[in-house]
Each structure stands twice: as structure tokens, then as C-alpha cells.
Amino acid sequence: MTKVKGGPTDSGGPVEVPEQLSILPLRNSVLFPGAIIPIDVGRRKSVRLVEEAISRERPVIGILTQRDARTEDPNDGDMYAVGCAARILKVIKLAKDNFSVILQGVTRIRIDEYTQQDPFIIARVQAVPDPATTDVELDALVMNLKDIAKRVIKLMPELPKEAGALVDSVNEPGQLADLITSNLDLQVDEKQDVLETFDLKARMRTVLQFLSRQLEVLKVREKINTQVQEEMGRNQREYVLRQQLKAIKEELGELDEAGGDLEEFKEKIAEAKMPAEVEKAALKQFERLKVMQPSSAEYTVTRTYLEWLVELPWSVSTEDKLDISEARDILNSDHYDLEKVKKRILEYLAVRKLKSDKKGPILCLLGPPGVGKTSLGRSIAKAMGRKFLRISLGGVRDEAEIRGHRRTYVGSLPGRIIQGMKKVGTNNPIFMLDELDKLGHDFRGDPASALLEVLDPEQNNSFSDHYLEVPFDLSKVMFLATANIIDPVPPALKDRLEILELPGYTRDEKRSIAKQFLIPKQIEEHGLDGKVMELTEGGLCEIIDSYTREAGVRNLEREVGSVCRGVAVKVAEGSKDKFTVDAKDIPDFLGPQKYMSEVAERTAEAGVATGLAWTPVGGDILFIEATKMPGKGTLVLTGQLGDVMKESAQAALSFVRSRARWLGIEENFLEKTDIHVHIPAGAIPKDGPSAGVTMFVALASMLTGKPIRNDVAMTGEITLRGSVLPVGGIKEKVLAAHRAGIKRVILPERNQKDMVDVPDQAKNEMEFVYVKRIDELLPLVLTEMPEKYGKIPSGGGTTMITPPTPGQPPPTTA
Ligand code: ADP
């Protein structure tokens with residue numbers, strides 16, 4: 001039996017350690033002399049051991065740590081051979097066969113021999129108390145250990161405050177080392193190592209090492225902690241400040257809704273693959289934007305500008321197809337006839353395919369509305385695999401509309417060209433400049449000159465828009481133009497254009513277009529099909545004749561669409577019948593007839609002549625009415641006539657007066673008479689010299705009282721000397737006459753050459769008479785000739801020699 005002093009907290013005096021000790025195996029921890037630990041006891045042998053021990057007074061048992069905590073029933077070899085004798089301070093019974101036992105380490109023990117295994121292990125042991133020596137080195141080690149221990153304690157806020165004082169109070173080197181080790185966070189084998197080190201100095205050095213390591217770990221932990229905290233602190237601070245700022249801005253109404261995505265611009269700038277120079281400009285604006293007050297006007301301006309820059313197709317393009325036979329197929333499958341135009345378009349595409357420089361002329365499709373100009377443009381785009389884009393130049397009178405406003409103006413925007421490029425999203429679209437003839441110009445600059453730059457292959461690779469300020473490359477764009485009339489197009493622009501004329505369609509052509517294209521298209525667009533609906537030939541003709549009057553087929557398409565809509569309603573209402581829409585059904589769908597055949601309605605009347613007019617929307621017929629009343633020779637002209645037309649009315653009247661005797665009317669008829677010439681459709685301005693012939697006929701008929709045939713129409717300029725001069729727009733006028741059901745057309749002789757362009761159908765169905773002189777006219781147009789016509793009254797004038805007879809070559813004046 002060895003008597004040892006109790007540990008530092010021992011209260012009961014020296015403890016006797018018997019030579020035979022009951023051994024309690026311990027998992028996962030090591031008991032040191034002086035330390036007090038609670039353990040749970042539940043294993044059968046351990047429970048028996050505790051039960052036996054508490055039956056004794058001040059029991060002491062041996063505690064050995066298991067080498068492997070998983071061993072359930074450890075034998076001799078399963079435990080370390082050095083352990084600790086312990087006093088049982090307290091046993092608390094938690095349940096049957098389950099105790100919580102509080103142990104106090106007393107002294108190191110070394111196992112000599114196991115003497116019993118059951119019901120619990122008993123061994124013969126030797127107590128190994130620490131020797132009571134001191135020397136300088138030990139003192140130094142003690143000091144060192146205490147010092148580091150206290151520093152470690154400081155870094156571990158989770159330890160109680162008394163820990164430092166406790167360390168200070170222990171002066172025995174071995175005890176100190178044990179105390180520290182049992183409180184350190186070490187591996188079981190490391191602790192066991194200390195327990196087994198009987199030599200004090202060696203033990204203290206080992207502990208010193210562990211402690212120093214612990215100190216380092218703690219220091220690093222501390223450092224990381226402070227760093228994390230600092231970081232957290234900064235982030236948190238920033239977050240809180242930002243939230244406050246947001247709240248303030250919200251309060252002031254200055255919040256920029258999209259404020260968060262400013263950084264996105266940077267990505268977008270990179271994605272847009274701009275030319276270097278442009279990218280530089282964009283980045284500069286981006287940097288400026290970042291430091292701007294979101295509520296300022298400049299912020300909005302700069303932001304919008306940047307949005308424009310990043311959204312333009314700087315480097316997005318589609319791949320060209322340019323397969324000529326495919327292009328031909330597409331053009332043919334989308335359009336009826338138009339052979340000449342299609343041929344020229346194919347030639348144009350072929351040249352582009354062979355020759356990559358883009359210096360060719362710009363194709364300009366010229367013709368009235370609804371003849372398929374836009375749809376040809378779309379087909380070209382389809383054939384080339386490019387995107388299609390159309391902008392209307394109608395009413396553009398300001399250069400800035402083409403080239404944009406400088407950004408200094410509030411609300412300024414890029415011009416239509418750049419807007420179009422953004423909309424279409426590729427840099428090589430087919431770009432149709434519509435209504436080139438409607439381009440105006442005034443004091444705000446000449447849009448035509450800006451357009452010239454757009455169309456000029458030498459310049460358009462760096463088109464400058466006032467708003468963008470950086471050049472944009474338009475050289476990959478293929479431009480097309482359209483116009484209704486060529487005359488108003490500025491000459492410089494005209495120079496760059498190659499004109500392809502689409503004059504308008506005859507009734508038969510319209511029928512074919514409708515049958516092959518418009519009706520199937522509309523039927524499909526309205527979700528019907530041929531089985532449900534059929535528009536008969538008669539129905540179609542009724543629409544063409546009584547609901548449209550146009551050179552193209554736009555209104556025709558619209559009216560066919562209306563019929564389809566009407567049928568669609570009936571189908572949707574559940575009707576299962578097939579609808580055959582005939583002429584008599586048309587008013588049900590389209591309402592009352594919009595156009596009567598005025599020519600047919602009109603009975604032949606004296607003083608009303610049918611003229612042919614040219615308008616930008618194709619040719620048309622017009623009526624010239626003349627009447628007389630008592631008066632003093634005033635000529636009244638109404639119907640919004642332009643100056644040139646007024647003058648030709650004057651000329652017609654003068655010519656009538658000069659031919660009065662020949663016409664068989666009183667020479668001084670004007671002395672007691674006022675004459676009124678009116679051209680109905682009074683709201684539409686009319687001008688030009690080509691109604692001269694018609695005015696003469698109207699006046700002559702009115703004054704002689706002889707009616708004019710209602711199926712004859714005429715056009716031509718007159719001179720006071722009696723000649724008929726050629727006029728423009730013959731093709732359109734002839735087509736209009738054909739549409740109106742005219743049978744005979746009177747044209748100036750020198751216009752005969754223009755007849756090549758007139759479709760055969762019109763040529764075959766009407767009679768054409770070419771006149772050189774005014775005197776030839778009356779026999780061609782009047783239902784009957786004046787009785788006194790051509791009779792030179794006695795003592796009469798000298799100008800006429802032989803009067804003309806109907807159908808005979810007219811006289812010439814000397
Ligand atoms: P524009 O641009 O000359 O005013 P559009 O191209 O808008 O005329 O044509 C109007 C409608 O008429 C379109 O639906 C078009 O497809 C059709 N169209 C015009 N001409 C023809 C044609 N020759 N063949 C088939 N459809 C045509």
C-alpha cells in the first residue's frame with residue numbers, strides 16, 4: 001500500500017493506494033492525478049466494479065485508458081499499462097445499471113500484473129508519485145509553462161476567469177504539467193504520452209510543446225477571427241449605409257429603378273464587339289455614368305446613350321445565300337407577272353454575287369401604291385437570307401430625322417437610319433427607303449444630302465449620326481428605294497438610282513393576282529380554307545369593279561380580307577355549310593358599292609367631257625363640266641385647280657373664241673355670258689396642262705349644245721395655235737380609262753410611242769385615236785356634229801378654208 005497526497009483540490013488528506021486495484025477501463029479520455037472528472041458507467045463489468053467499490057469506505061480504484069475506444073469488453077492488452085489511481089468522490093445512480101461517477105485522480109500507477117478478469121478486472125499495481133525535487137531548470141520550466149498557459153487562457157474566453165489563478169497557485173512542476181495537460185485539447189494518445197512520462201523535465205518539455213502549439217493555433221484563430229470580424233464589420237457597415245441611402249433616396253424620389261444593373265453595361269459593351277474606337281467611347285461614358293447622380297438629367301441622357309450604343313448591331317450579321325435559281329423561285333412564287341422587274345432584280349443579284357464591291361446603283365421600285373414594291377423587297381430579302389427593314393421617308397423634311405439630333409437636346413434620338421439598324425438587329429439587312437419622292441426640304445437642312453451619304457458606298461462605311469457621334473458602318477446594308485413618282489426625287493439622289501417601273505395592273509391582271517395570291521393568302525390568314533369558302537369569279541369582279549378603284553391591289557386585298565372575316569364569323573358561329581360568295585353576296589359583306597361606273601351612269605350630256613388624269617396613286621378619270629349663264633364674259637374656274645390648269649382653261653376658252661365661227665356659234669358670245677368650268681372631286685387639288693384638250697371639248701360642246709359621247713376619254717395639252725402636245729403618264733391614264741370602261745381614248749399623236757408599255761389587254765379592248773391638232777377632236781367625241789359646224793358664215797373669218805367632216809383628216813391652218 002502506497003500513501004500519496006491527494007491532488008491540488010484534495011480535501012481528505014493522504015490517500016492510500018492498495019497494491020491490488022479494481023481496474024475501470026476508460027474510453028476517450030485520460031485521467032491525471034489531481035484532476036476531477038465525471039464519467040458515465042454502464043458496461044456490465046464497470047457497473048459491478050462501482051457497486052463493489054461503493055460498498056467500501058473511501059474507495060480507490062485504478063483507471064486505465066483503452067487503446068481503442070471501440071473495444072466493448074477490454075482485456076489486459078487492450079488498455080495502456082500506465083494509468084491513474086482515483087478516488088470515487090460521488091456516485092449518482094441514473095438508472096438501473098447506469099451510474100454517473102465523479103472521480104479524482106490521485107497518483108500515476110503502473111500495472112504489474114492482472115489478477116482477475118471477472119466479474120471485473122483486478123490488477124496488481126505500483127503507484128508512481130512525482131519526485132519532490134527542484135532545480136533551476138525545473139523552476140524555469142515552471143515559469144515558462146505558467147506564462148504560456150496564462151497567455152493561452154487569455155485567448156480562450158470560454159475558460160472561467162479563475163483558470164489563470166489556478167495555474168498560478170500550483171507550484172509543483174509535475175502537478176502543473178498534469179493540470180495543464182488534462183485541460184488542453186489534445187488527442188487521447190498525446191495525453192497518455194504525458195501520463196506515461198515519469199521524468200519531470202521531459203514531461204514539462206512535452207507539455208510546453210503542446211502548449212506552444214495551442215498558443216499558435218489560438219493566435220491564428222484570433223487573427224482569423226478579427227479579420228473575419230473586420231470584414232463582416234465593413235460589409236455590414238456598408239450594407240447598413242447603403243440601405244439608409246436607398247431609404248433616403250426613396251424618400252426624395254430619386255431612386256433609379258434600374259440602378260442595380262449599371263455593371264451590366266460593362267458586359268454588354270464587351271458583348272457588342274464594337275470597333276475599338278467606339279468601345280473606347282462607350283467605356284468612357286460608362287465611367288462617367290457611374291459617378292453621376294441618378295436623379296440628374298445628364299444621368300438619364302448618358303444612360304440612354306449607352307443603351308443605344310450597346311444595342312446596335314456592330315458585329316451581328318446574317319449569312320448571304322445568293323443562290324440565283326432559288327431567288328428566281330422565290331420571286332415567282334410570291335409575285336404574279338412583273339417579268340421585267342423580276343429579271344432586272346435577278347441580274348442585280350447575280351452581279352452582286354460575282355462582284356463583291358458594292359458600288360452598283362440602288363434599285364428604285366417606281367409605281368403607285370399596292371403594286372407590290374414592298375413585297376418585292378421582302379422577297380429579295382428572303383432570297384438572300386437577309387433581314388428586311390422598311391422606313392418611310394414620307395414627310396421627312398429635316399436632316400436631323402435622317403441623321404439624328406445632337407445629344408445636347410433633351411429627348412434627342414438617333415436618326416431613322418440608326419433607329420432602323422437597331423430595330424432590325426443585323427448590320428446587313430435589306431433596307432427599303434420608302435416614298436423617296438415624299439422627301440421634303442426646308443430651312444432645317446436637306447435630308448436628301450444626308451441620304452446621299454447613306455447611299456454612297458464611298459462614304460457609308462462610316463456614317464455619322466449626330467446623336468451617336470461615333471461612325472457606324474452601313475456598307476454591308478443593301479439599300480432599295482421606292483417612289484410613286486420620279487420627278488420630285490432630288491436630282492442628286494436620282495442619279496444614284498436605277499429605276500424599275502411597276503405601272504399598275506389591268507382588271508385581268510388583278511383577277512389573276514387575286515386568284516393566285518390574295519384570295520388564298522387571306523383565306524389562310526383568316527383560318528378558313530378552300531373547303532369552307534369560295535369566292536366566285538363573279539364575286540371577285542364585283543369587288544374589283546365596285547369596291548376598288550386603284551392601280552395596285554392593296555384595297556382589293558383588304559376587301560377580300562373583309563369578305564373572309566365575314567365568313568369567319570359565320571363559321572365561328574357554328575355554321576357548317578360551305579360558303580360560296582357570289583357577286584350578289586358581296587354587299588352583305590362589304591356594304592353598298594363604293595364606286596359606280598360613273599361613265600356608264602352618265603348619259604351623254606352637253607358640256608361634260610371625260611379627261612384622263614395622272615395621280616401618284618395611278619391614273620384616274622376626271623370629268624370636266626362647263627356651263628354658261630347670263631353675265632359679262634367672266635370665266636369662273638372651280639375644283640381646286642392649280643395655276644397651270646387654270647391657264648390651260650383660259651387657253652381652251654381663247655381657242656374656242658378664235659374658232660367661234662367655224663364652230664357655228666356667235667363670235668361675241670362672251671359679251672352677255674359668264675362661263676363656269678368645274679372639275680368635280682373638288683377637294684382634291686388638280687394641276688397640270690394635260691386637261692387642255694378636255695377643257696376645249698367641254699367648252700365647245702357646251703356652246704354648241706351637242707353632247708359628248710360617254711365612252712370617250714381624252715388627254716393632251718393644247719396651244720393657242722391649235723396643236724395638241726404630248727403629256728406624261730400615258731400608261732397609267734390608259735389603264736385608268738380601261739378600268740372605267742372607256743371604249744375610245746384620244747391621245748396626242750406624239751404619245752403614240754408610250755403605248756409600248758400599255759398591257760395588251762387594254763390595247764385590245766379599247767380604240768386609240770391619236771391627234772395632232774385641236775380641230776380633229778370634235779368629230780371624234782361628239783354624239784352629233786353642230787349643224788353649222790365648219791360652215792364659214794358669209795363675210796366670215798379668213799382662217800378656215802375647208803371645214804372638216806367627221807372621220808376625215810382635219811384642216812390645217814395656214
Ligand atoms: P407597295 O409597296 O407597292 O405599295 P405592297 O408590296 O404593299 O405594295 O403590295 C400590296 C399587296 O399586294 C401585298 O400583299 C402584295 O403581296 C400584293 N401584290 C402586289 N403585286 C402583286 C403581284 N404581282 N403578285 C402577287 N401579289 C401582289
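**Salt bridges and backbone**

Tutor: Glutamate 557 and lysine 521 form a salt bridge in this predicted model, with their closest N and O atoms 2.9 Å apart. The pair links distant parts of the chain, 36 residues apart: glutamate 557 lies in helix H19 (residues 554-572) and lysine 521 in helix H17 (residues 507-525).

Student: Is glutamate 557 buried or exposed?
Tutor: Buried means under 20% relative accessible area. Lysine 521, at 41%, is partly exposed. Glutamate 557 has a relative accessibility of 18%, so this residue counts as buried.

Student: Which parts does the salt bridge between glutamate 137 and lysine 201 tie together?
Tutor: The closest N and O atoms of glutamate 137 and lysine 201 are 3.5 Å apart, and the two residues form a salt bridge. They are 64 residues apart in sequence, so the pair ties together helix H2 (residues 136-155), which holds glutamate 137, and, with lysine 201, helix H6 (residues 200-252).

Student: About how many helical turns separate glutamate 399 and arginine 403?
Tutor: These two residues form a salt bridge, with closest N and O atoms 2.9 Å apart. Glutamate 399 is partly exposed at 22% relative accessible area, whereas arginine 403 is buried at 9%. Because they are four residues apart in helix H13 (residues 399-403), their separation is about one helical turn.

Student: How many salt bridges does the structure hold?
Tutor: The pairs above are among them, including glutamate 137 with lysine 201 and glutamate 399 with arginine 403. The structure's total is 52.

Student: Which residues form the negative surface patch that includes Glu264?
Tutor: Glutamate 264 is in helix H7 (residues 262-271). At 39% relative accessibility, glutamate 264 counts as partly exposed. The patch is made up of Glu263, Glu264, Glu267 and Glu271.

Student: Within what arc do the buried residues of helix H3 fall?
Tutor: Helix H3 (residues 162-169) has Ala163, Gly164 and Val167 as its buried residues. They line one face of the helix, because the arc within which they fall, seen down the axis of H3, is 100°.

Student: Which exposed residues does the face of H3 turned away from its buried side carry?
Tutor: The buried side is made of Ala163, Gly164 and Val167. On the face turned away from that side, the exposed residues are Glu162, Ala165 and Ser169.

Student: What is omega for the peptide bond from aspartate 118 to proline 119?
Tutor: Most peptide bonds are trans. Proline 119 is in the loop between strand S7 (98-116) and strand S8 (121-127). The bond from aspartate 118 to proline 119 is cis, with omega near -5°.

Student: What is phi of aspartate 337?
Tutor: Most residues other than glycine have a negative phi. Aspartate 337 is in the loop between helix H10 (324-334) and helix H11 (339-354), and at 34% relative accessibility counts as partly exposed. Its phi is positive, near 55°.

Student: Where does glutamate 435 lie?
Tutor: Glutamate 435 is not a glycine, yet has a positive phi of about 55°. At 27% relative accessibility, glutamate 435 counts as partly exposed. Its place is the loop between strand S11 (430-434) and helix H15 (447-455).

Conventions:
Residues are numbered from 1 along each chain as its sequence is written. This is a predicted model: local features need pLDDT of at least 70, side-chain atom pairs count only at pLDDT 80 or more; totals for chains, interfaces and linings use all residues. Side-chain values use heavy atoms; hydrogens and water are left out. A salt bridge is a side-chain nitrogen of Lys or Arg within 4 Å of a carboxyl oxygen of Asp or Glu. Helices (H or I, at least four residues) and strands (E, at least two) are DSSP runs, numbered from the N terminus. Buried means under 20% relative accessible area, exposed over 50%, partly exposed in between (1.4 Å probe, protein chains only). Patches are made of residues with over 30% relative accessible area and no salt bridge: like charges are joined within 9 Å, nonpolar side chains (Val, Leu, Ile, Met, Phe, Trp, Tyr) within 5 Å. Accessible areas come from the Shrake-Rupley method with a 1.4 Å probe; for residues, only the protein chains shown count as cover. Lys and Arg count as positive and Asp and Glu as negative; His and the chain ends are not counted. The place of a charge is taken as NZ of Lys, CZ of Arg, CG of Asp or CD of Glu. The arc is that of the directions from the helix axis to the C-beta atoms.
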